[in-house]
Amino acid sequence: MNATPNVGARLRMPVLSSEEEAGLAALMRSIERNRFLPEPDPASVFVGDGNYRAIGTEYLGHYVRIGGLRPSDNVLDIGCGIGRMAVPLTQYLDDAASYEGVDPVNEGIEWCVQNISRTYPNFRFCRVDVAHELYNPGGAVPGDQIALPFKDSLFDFVTMISVATHLPLTEISAYAREVSRLLVPGGKLFITAFLVSPEDLEREGARPRFAKGPYEGSWTADTAAPLGAIGFDTPLIPSVLEEAGLKVDLVSLGHWRGVESTHYQDVIVAAKPGAGA
């Protein structure tokens, strides 16, 4: 197994030229102001907090600046919810690129099909009936047996935003194996998580405040609902990614722990070894 990089290290960080950075910043401003882009009624945004458009646009910036996303990439969005990340990507990805969004909550998938796919046919969405005690308690497929309905080596870029923060480590490991199967050689996984160290627990500005969780090496913000926001000892998630055959290229710490950062949750970027990796 490859050695996991030190948390906080920025390895192989994509570098944008001044022209690329200016173009990305202009696109992000345009997306935030574009009143014609689809956006759900705030009362129907059932997964995630905060400003729908602003958060999606923020993550478009992270995908490009941290993850190295390219306009030509074929993208898989695991836990796509109600399209928060998909809408900004409609303005960034080329027409020849593809986007697939999967989620266990049918209401979000239906909204995305009706409001995004109708205008952007290269953006497709499907429900996966995977069990989750909070989001899909009657699901047919156990989370540690997840099998996504796509052929091998199909995607250049896989994103999992606020997914690992609601799963036990055994299920994160199952998703990591699927991601490894689905990525092309050199393709990348962009995943957010809570990587918890003893120093984070003692830092006064940390939010959430974690307590010991139900699994070995786990931490939870709510012992009554552990999967509402779950974190793990710092090395554990990078280790399961490596065990699945992915090489961790970058770990960037989030400001949940009370430190300065451009993003809230911790970000891990891992690549499938091979061409372009």
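These legends go with a set of close-up views of one predicted protein model.

This is a predicted model, with residues numbered from 1 along each chain as its sequence is written, and local features need pLDDT of at least 70, side-chain atom pairs count only at pLDDT 80 or more, and totals for chains, interfaces and linings use all residues. Side-chain values use heavy atoms, with hydrogens and water left out.

**View 1. Confidence along the chain, and the start of it.** The protein chain comes out at an average pLDDT of 93 (pLDDT is the predictor's confidence in each residue, from 0 to 100). A score of at least 70 is reached by 93% of the residues. Residues 1–5 are another story: pLDDT stays under 50 there, and the model has 13 contacts for this stretch beyond four places in sequence (contact means heavy atoms within 4.5 Å). Where pLDDT is low, the predicted coordinates should not be read in detail.

**View 2. Helix α5 packed on helix α7.** Here we have α5 (residues 169–182) and α7 (residues 236–243), at an angle of about 35° and with axes 9 Å apart. Helices (H or I, at least four residues) and strands (E, at least two) are DSSP runs, numbered from the N terminus. Axes are lines fitted to C-alpha atoms, for helices over the stretch in contact, and angles run from 0 to 180 degrees between N-to-C directions. The crossing of α5 past α7 is right-handed, meaning that the near helix is turned clockwise from the far one by less than a right angle. On the α5 side, L169, I172, S173 and A176 make the contact; on the α7 side, look for L236, I237, V240 and L241. Sorted by class, that is 7 nonpolar residues, 1 polar and no charged ones. For this count, Ala, Val, Leu, Ile, Met, Phe, Trp, Tyr, Cys and Pro are nonpolar, Asp, Glu, Lys and Arg are charged, and the others, Gly among them, are polar.

View 3. A nonpolar core is a set of buried Ala, Val, Leu, Ile, Met, Phe, Trp, Tyr and Cys residues joined through side-chain atoms within 4.5 Å. Buried means under 20% relative accessible area, exposed over 50%, and partly exposed in between (1.4 Å probe, protein chains only). The largest core has 37 residues, and L76, I78, L148, I237 and L241 have the most contacts inside it. Elements supplying at least two residues each include β1 (75–78), β4 (155–160), β5 (183–193) and β11 (266–271). Helix α5 gives the most, with 6 residues. Leaving out residues up to four places away in sequence, L241 touches A176, L189, I191, L246, V248, I268 and A270.

**View 4. I116 in helix α4.** I116 sits in α4 (residues 106–117) and is buried, because its relative accessibility is 0%. Beyond four places in sequence, the contacts of I116 are P38, G83, A86, V87, T90, W111, F123 and F125.

View 5. Most residues other than glycine have a negative phi, and most peptide bonds are trans. S153, not a glycine, has a positive phi of about 50° and is found in the loop between β3 (123–127) and β4. S153 is partly exposed, at a relative accessible area of 37%. S162 is no glycine either, with a positive phi of about 55°, and its place is the loop between β4 and α5. S162 is partly exposed too, at 31%. Then there is the cis peptide bond joining R207 and P208, with omega about 10°. P208 lies in the loop between α6 (198–202) and β7 (211–212).

View 6. G68 lies in the loop between α2 (52–65) and β1 and counts as partly exposed at 22% relative accessibility. Y135 belongs to the loop between β3 and β4 and is partly exposed, with a relative accessible area of 35%. Not counting residues up to four places away in sequence, Y135 touches V105 and H166. Y135 and P104 are 31 residues apart in sequence, yet 7.3 Å apart in space, C-alpha to C-alpha.
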